[in-house]
Amino acid sequence: MKPLALIALLAVAGSAQAKDWTVDPSSTLNFAGTYQGEKFGGKFTKFTAKIALDKADLANAKLDVDIDVTSAATGNADYDGELKGSAFFDYAKFPKAHFVSTAVKESGGALIADGTLQIRDKTRPVQLKLDFKPAGAGATLDVQATLKRLDFDVGTGDWADTSLISGDITVTSHLVLK
Amino acid sequence: MAFKSDANRWGVGARTLHWLMALLIIGAGIVGLYMSDLPNSPQKIRIYALHKSVGLTVLALLLLRFVWRLADRRPDEVPMPAWQAMGARVVHLLLYALMLLLPLSGWLYNSASGYPLQWFGLFNLPSLTGGADPALKGVAHEFHEYGFWLLVVALVAHAGAALKHHIVDRDDTLVRMLPLLRRRAAVPTSVEPAPVAAAPAAAATSAEPVKENPIP
């Protein structure tokens, strides 16, 4: 009885280990949109992701991502200064954003993660496109989503003008999993 | 309405370019002075976008003006002392140089700041620096600003001299660039003295006698 329980425990632990990935620090999380007719982009340099993903066991797949929005960097000090303010991310009040998946499914050969994303005090359902590529002992996971910034109150008031800053913001992430 | 200039008068082409650019330059200057101290907002961005679009228009019209100047003739020089003729040439050269360098330094400043450049929201122009360049940004801005004040000086000299020709010398310098006023036939624009009989009306109605140009 005792050895059997141990084996069962090891089996559970083993299966959990097979799909719980460690996210390598070389992973990236970027965003992009259009400003005055020209593409702009930026990145979040600080985020943590808990990824449980196995194509053979999508029912137990889980993506849980914490983003330190105050780490947003566009490479333009003026843009970064605006992002900090209350019309955009409001770092003082809402320093964190959070995504958690509710379901990961396969659709037409591609993986889709449904989940909820919270930015500021707005929580909205979002859908991520996943491109999961196991490679040896590790894997890469490319994530892509198009968000409506106004759904999350990012760029409010006069900044809500989508002819100036596009309403659609593309978020992409390249995760190196080990 | 002659499109090209003749010996006595600037043609419609030269006059249109002159006054259209004058309006745009003065407008861009006023907007430029007003906009820089505004707090950042979409409204400020729109005002900057307007300033940039007008500046780019001036640049495009300047290139057209260079081409037109090659195709067109200049009216004969209004007789004036040599130092004044020289002064006029220097100021004209300075104006042309600044009409070129102010839009270009503004474009450079915009590029070095890492901002997009749109012409009236219709299309985008490329960056001159291929991305933000903080060191160049400061230099370009200084150039743009000092260039502007030099332009103000040059414009005051240019407009002041034109008014002096019109009011004091009572010659054709200003009138031949104006869109509506007729030439002052009484005052010669060529080196030969005009026959007095050519303008009896002007001589009769004028309280002061028509001045002869000091240098024939």
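This is a predicted model: local features need pLDDT of at least 70, side-chain atom pairs count only at pLDDT 80 or more; totals for chains, interfaces and linings use all residues.
Let me start with chain A. Chain A has two helices and 11 strands. From the N terminus, the order of elements is α-β-β-β-β-β-β-α-β-β-β-β-β. The chain has 178 residues, and 25% of them count as buried. Now look at the contacts in chain A with a separation of 6 or more. Of those, 54% join residues 24 or more positions apart.

Next, the cores. Which residues of the largest nonpolar core touch the most other members? They are A:Ile51, A:Ile67 and A:Leu141, in a core of 31 residues. Several strands of chain A each supply at least two residues of this core. Among them are strand 4 (47-52), strand 5 (62-68) and strand 10 (138-148).

Take A:Leu141 on its own. Set aside its neighbours within four places in sequence. A:Leu141 is then in contact with A:Ile51, A:Leu53, A:Leu130, A:Phe132, A:Leu175 and A:Leu177. There is also a second, separate core of nine residues. That one includes B:Ala28, B:Val54, B:Leu98 and B:Leu151. As background, nonpolar side chains in soluble globular proteins tend to be buried together.

On to the helices of chain B. Begin with helix 1 (residues 12-35) and helix 2 of chain B. Their axes come within 9 Å and cross at roughly 155 degrees. Angles over 145 degrees count as roughly antiparallel, so helix 1 of chain B is roughly antiparallel to helix 2 of chain B. The crossing is left-handed. By class, the residues of this contact divide into 17 nonpolar, six polar and two charged.

Now the next pair. Helix 2 (residues 42-71) of chain B packs against helix 3 (residues 82-112) of chain B at an angle of about 140 degrees. Their axes are 9 Å apart.

Who meets whom? On helix 2 of chain B, the residues are B:Lys52, B:Gly55, B:Leu56, B:Val58, B:Leu59 and B:Leu62. On helix 3 of chain B, they are B:Met99, B:Leu100, B:Leu102, B:Pro103, B:Gly106 and B:Asn110. That contact has eight nonpolar, three polar and one charged residues.

One residue of helix 2 of chain B deserves a look: B:Arg65. Is B:Arg65 buried or exposed? Buried, because 20 other C-beta atoms lie within 10 Å. B:Arg65 and B:Met21 are 44 residues apart in sequence, yet 9.8 Å apart in space, C-alpha to C-alpha.

Last topic: where the chains meet. The contact takes 11 residues from chain B and 11 residues from chain A. On the chain B side, helix 2 of chain B gives the largest share, four residues. That side divides into five nonpolar, six polar and no charged residues.

Finally, B:Pro116. B:Pro116 lies in the loop between helix 3 and strand 1 (118-119) of chain B. B:Pro116 counts as partly exposed, because it has 18 C-beta neighbours inside 10 Å. Beyond four places in sequence, B:Pro116 is in contact with A:Tyr35, A:Gln36, A:Gly37, A:Glu38 and B:Asn124. B:Pro116 and B:Ala49 are 67 residues apart along the chain, with C-alpha atoms separated by 9.5 Å.

Note on methods
Residues are numbered from 1 along each chain as its sequence is written. Chains are lettered from A and ligands numbered from 1 in the order in which they are written. Axes are lines fitted to C-alpha atoms, for helices over the stretch in contact, and angles run from 0 to 180 degrees between N-to-C directions. Two residues are in contact if their C-beta atoms, placed from the backbone, lie within 7 Å. Ala, Val, Leu, Ile, Met, Phe, Trp, Tyr, Cys and Pro count as nonpolar, Asp, Glu, Lys and Arg as charged, and the others, Gly among them, as polar. A nonpolar core is a set of buried Ala, Val, Leu, Ile, Met, Phe, Trp, Tyr and Cys residues joined through C-beta atoms within 7 Å. A residue is buried if 20 or more other C-beta atoms lie within 10 Å of its own, exposed if 12 or fewer, and partly exposed in between; C-beta atoms are placed from the backbone. Angles under 35 degrees count as roughly parallel, over 145 as roughly antiparallel, 65 to 115 as roughly perpendicular and the rest as oblique. A crossing is left-handed if the near helix is turned anticlockwise from the far one by less than a right angle, and right-handed if clockwise.
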